[in-house]
Amino acid sequence: MAATPTSPVPVAPAGLTRRAESFVACEGIRVARQDIERHREAWIEHGVPAAEIDRAVAYEDRWGGLALPPAPFYESGPRILGADVPEGSAAEGWWIPAGDCRYSMAYGFMIGPGGEFGIDGYHWTPLHASTEGWVESLALADHARRWAKTITRITGEAVDSIDLEGYEPVPEVRGLTDTWWRGKDSLIALYRGEAVGMDAPECLEAHVYGGLDEWGSSRRLTAGGPRRT
């Protein structure tokens with residue numbers, strides 16, 4: 001029986017905001033998922049627990065084959081999301097590759113023992129509490145870039161001097177090392193992952209999106225549920 005062709009138009013997984021749903025559907029493409037289930041016996045023979053293989057299969061079923069536009073940081077992020085053989089041990093925990101990098105880099109993107117989305121360089125560094133958080137951050141950056149009147153890039157030690165008084169964290173990005181902050185007419189993205197993961201404070205970076213109205217600050221696009229018609 002011939003395999004069902006994969007539609008290049010992706011349907012966003014459940015649980016995202018309307019903004020992220022629209023971003024995935026309009027800006028992403030979907031290629032064929034990998035059949036990682038066929039590797040189960042070989043991976044078990046190499047000591048990978050069945051529960052971790054189940055986690056990798058679940059990640060592949062939810063995110064596998066999804067290609068999104070380049071990220072504004074991390075050398076543009078993963079090229080295509082997708083799982084591979086879990087890595088780790090019972091003592092340290094297990095990590096799952098999250099997708100191939102776009103370029104040759106000093107770290108890779110991984111899913112942590114608790115489902116965190118992060119980078120593995122000199123140190124494992126969770127960026128967001130989930131893959132959903134990573135996708136939400138991409139969607140928010142795309143939205144802010146379209147609507148901001150000014151975009152300011154701040155690097156190095158100057159990032160620590162940013163005044164966040166009057167700002168509130170953006171919850172849907174589920175930020176850990178990386179966070180987003182929303183003010184009255186601006187959004188701030190703080191990228192700390194490379195600085196932490198590579199022991200390189202000079203890699204601190206922030207993007208300040210200014211001159212946003214209520215639509216531009218994305219307050220009206222945070223709820224989940226059906227898309228608007």
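1. Two strands pair if DSSP finds at least two bridges between them. Strands here are DSSP runs of E with at least two residues, and helices are runs of H or I with at least four, numbered from the N terminus. With that in hand, L187 has Y209 in β13 as its bridge partner.

2. A quick word on the source: this is a predicted model, where local features need pLDDT of at least 70, side-chain atom pairs count only at pLDDT 80 or more, and totals for chains, interfaces and linings use all residues. Residues are numbered from 1 along each chain as its sequence is written, and side-chain values use heavy atoms, leaving out hydrogens and water.

3. Now the sheet. It is open, built from five strands in the order β9-β13-β12-β11-β10, with antiparallel pairing. β9 (150–155) and β10 (168–169) are the edge strands, each pairing on one side only. Further in, β12 (residues 187–191) and β13 (residues 205–210) pair antiparallel over five bridges.

4. Have a look at H207, which sits in β13. At 8% relative accessibility, H207 is buried (under 20% relative accessible area, with a 1.4 Å probe and protein chains only). Leaving aside residues up to four places away in sequence, H207 touches P72, T152, R153, L187, I188, A189 and Y191 (contact means heavy atoms within 4.5 Å).

5. Then there's E136 in helix α4 (residues 131–147). E136 is buried too, with a relative accessible area of 3%. Residues touching E136, not counting those up to four places away in sequence, include L16, T17, E172 and V173.

How values were computed:
Buried < 20%, exposed > 50% of the residue type's maximum accessible area, 1.4 Å probe, protein only.
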